[in-house]
Amino acid sequence: MPNEPETDYDQELGRKFIFVTGGVMSGLGKGITAASTGRLLANAGFDVTAVKIDPYLNVDAGTMNPYQHGEVYVLKDGGEVDLDLGNYERFLDIDMTSDHNVTTGKVYREVIEKERAGDYLGRTVQIIPHITDDIKRRIREVAEGSDVCLIEVGGTVGDIEGMPYLEALRQFAHEEDDDDILFTHVTLVPYSKNGEQKTKPTQHSVKELRSIGLQPDILVGRCEDKLDPDVKEKIALFCDVPTDAVFSNPDVEDIYRVPLVVEDEGLDEYVMEQLNLAEEALPKDERKNGWRELVTQEKSGSIDVALVGKYGLEDAYLSIHESLKHAGLETNVDVETTWIHSEDLADGHDGQLADVDAVVVPGGFGARGTEGKVEAIRYARENDIPFLGLCLGFQMAVVEFARNVLDLDGAHSAEMDEQTPHPVIDILPEQEGVEDMGGTMRLGTQETEIDPDTLAADLYDDTTCRERHRHRYEVNPEYIEDLEAAGMTFSGVSGRRMEILELATDEHPYFLGTQFHPEFRSRPTRASPPFVGLVEAVLDQREHAPAEVEH
C-alpha cells in the first residue's frame, strides 16, 4: 500500500514569486519597497498580488495595542491585519482578504486542529513538514491566478520566530525553477561619523541569511542618500551578487515617490529580466504613468487639518493620514496634519484648534481621551470648522450634539459610562454577551443606503456605498427621533443602524460623521469621498471668505 501524503500541500499553484526579507533592523521599509516593485510590475501590465507574513503568535492584529503595532487595518472580509496590508492595497490598488496575511497563530492553529481531528493519520506532527507545508500552502493559494506574488516576511533575519518561515522559503526555492522565484533582501546602509556609507551591517545580514540556505538575488540598500557606486560594488563582492543586482532606496519626502526612485534605479526591469517576464511586459511607452504624474504634480497651496486622537503617534492613524494625502492629490493641495492629543483638550481647546482649517476625529476604544474628542467636535460645530468624524468620532459627534443641543446632561456612550442617564450610543444587540475580543466585532464591508438630496449622496454621487466597519456600539435607536428633530440628519443607514450623520450645509460648511472607516478604501488614484469633501469644504471657505479690509 503506497504511503499516504504527509500533507495536502499543492506545489502547482502560483506562477512567479518574489520573497522580500529584511536585515539589520526592523522598520526599514521593506513593505514599501515590495509594494513599489509591485506597483511598477502592475504598470507594466502584470496582475500582481501580495502576502504579508507576520511571525507573531497572535492569530491576527485585532487585539494589538496601537502604541506597539500601529493601526489595525481592516480588509473587506473583516480581516484585522497589520498596517502593511494597507500599503499593499494602496500601492497595488487591489482589495485583499485575511488570506493575504499569514501569522504564526493562524498556521499553528490550523495544524493543531488537523492533528486533533486525526488528519495526519497518527503521524508525529512536526515543524517540517507540517508547519512549513502549511506556510507554503497559504502562499500558493493566494498566488493562484496572479502573474506575480510578492511575499514580505516580517521581522528581521535572525529572529527566532521567523525561522520556520525562512525554512519554508528555502524549500520553496527547491520546488521552483530559477526563473520563477526571486529573493530580495532589504538592509540598512548607515553612515559613519565621518560620512562614509558602511556595508558591514549588510554583509553580516546576508551571511545570516546564507547560513540558513537562502542566497539573495537582489539587495536593496536603505540609506539617507543613494548608494555610492563603489559601495554597490563592495556589497556585490562580499554578498556574492552581481553589481547590477544592488539597488538604492534612499529617503524620500513622500512614500508615494518610492516607486519613482526604484524605477529610476532600474529595479523593475531587473526583476522582469530575472523572472523571464521582460518579453511579456508592455512596451515602456505603453505602460501606465498616471502614478508618476499624480505624485509629482505641482500643488496650488496647502491646508492644515487637526487630527484629534488619543494615541499620539502617526502609525496609529496611518490610513487616515494617507487618506488626507489622497484627498490633497485629488484637489491639488498639500494637506498638512497637525497631531493633537485628545487628552489635552478635555478642559477646552486652549487655542490648539484656533489656526487649523479642519478637524478630524478618528476611531478608538476606551474612555481615555473621549472628553477631549467631544470638546474638539463642539469647537468645530460652533465655529463652522469643517469636521469629519470616523467610527468613535461619529459616535462622539452624537454625544456632543445630545449634550449641547438637546441639553441631555450626562449623555454619553455606554462603552465609556455604563451609568450614563442618556446612553445615546449603546452596544450592538448581537454584541451582548460576547466574551472573546478577537474577531468578534462588526467587521468588514457592509452596504449603506444613502438618502438622496443629502451631503453624503453628493459626496458618493450615489444612493449607496460599500465601506469597511470595525465597531461594537451604535447610535441608540431610542434617541434618533429627538436628534433628527434638533437638526442632525442621519443620511446613511444599514438596516436599523445609523451609518452617516451630517448637519445641513446651510447650518455648517461641512459636518459629517461615518460609523464606517472610509480611510480603508482610499487610494492615491481614487481618494475617499468623505476626505475629498472635507478638503473641498476648506478650499470653498477660503474662496468665499470676506476680504480683509486695510485700515
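Reader: Which hand does the crossing of α1 and α3 have?

Author: In this predicted model, the crossing of α1 and α3 is right-handed. A crossing gets that name if the near helix is turned clockwise from the far one by less than a right angle.

Reader: What makes α1 roughly parallel to α3?

Author: The angle decides. Helix α1 (residues 30-43) and helix α3 (residues 84-92) pack at about 20°. Angles under 35 degrees count as roughly parallel, so α1 is roughly parallel to α3. Their axes are 9 Å apart.

Reader: Which residues of α1 and α3 meet?

Author: On the α1 side they are G31, I32, A34, A35, S36, G38 and R39. On the α3 side they are N87, Y88, F91 and L92.

Reader: Why are α7 and α8 called roughly parallel?

Author: The axes of helix α7 (residues 200-211) and helix α8 (residues 229-239) cross at roughly 25°. The cut-off is under 35 degrees, and α7 and α8 are therefore roughly parallel to each other. The axes come within 10 Å. T202, Q203, V206 and R210 of α7 make the contact with K234, I235, F238 and C239 of α8. The crossing of α7 and α8 is right-handed.

Reader: How many aromatic pairs are there, and what makes F17 and F19 a stacked one?

Author: A search of the whole structure finds 11 aromatic pairs. F17 and F19 form one that is stacked, at 6.5 Å centre to centre with 10° between the planes. Ring centres must lie within 6.5 Å, and planes under 30 degrees apart count as stacked.

Reader: Why are F17 and F19 called buried?

Author: Buried means under 20% relative accessible area. F17 has 0%, and F19 has 0%, so F17 is buried and F19 is buried.

Reader: What makes the pair of F19 and F183 stacked?

Author: F19 and F183 are 5.4 Å apart centre to centre, with 20° between the planes. That angle is under the 30 degrees required for stacking. F19 lies in strand β1 (residues 16-22) and F183 in strand β7 (residues 181-188), so the pair ties together parts 164 residues apart in sequence.

Reader: Is F183 buried or exposed?

Author: F183 counts as buried, because its relative accessibility is 9%, and the limit is under 20%. F17, F19, F172 and F183 form one aromatic cluster.

Reader: Which residues of α4 are buried, and what do they pack against?

Author: They are T104, G105, K106, V107, V111 and K114. These buried residues pack against β2 (48-54), β5 (101-103), α5 (127-143) and α6. Just after α4, G118 takes a positive phi of about 80°.

Reader: What shows that the span of α17 agrees?

Author: Helix α17 (residues 529-543) has 15 residues, which should span 21 Å at 1.5 Å a residue. The end C-alpha atoms of α17 are 21 Å apart, which agrees. The buried residues of α17 include P530, F531, V532 and G533.

Methods
Residues are numbered from 1 along each chain as its sequence is written. This is a predicted model: local features need pLDDT of at least 70, side-chain atom pairs count only at pLDDT 80 or more; totals for chains, interfaces and linings use all residues. Side-chain values use heavy atoms; hydrogens and water are left out. Rings of Phe, Tyr and Trp (its six-membered ring) pair if their centres lie within 6.5 Å; planes under 30 degrees apart count as stacked, over 60 as edge-to-face and the rest as tilted. Buried means under 20% relative accessible area, exposed over 50%, partly exposed in between (1.4 Å probe, protein chains only). Helices (H or I, at least four residues) and strands (E, at least two) are DSSP runs, numbered from the N terminus. Axes are lines fitted to C-alpha atoms, for helices over the stretch in contact, and angles run from 0 to 180 degrees between N-to-C directions. Angles under 35 degrees count as roughly parallel, over 145 as roughly antiparallel, 65 to 115 as roughly perpendicular and the rest as oblique. Contact means heavy atoms within 4.5 Å. The expected span of a helix is 1.5 Å times one less than its number of residues.
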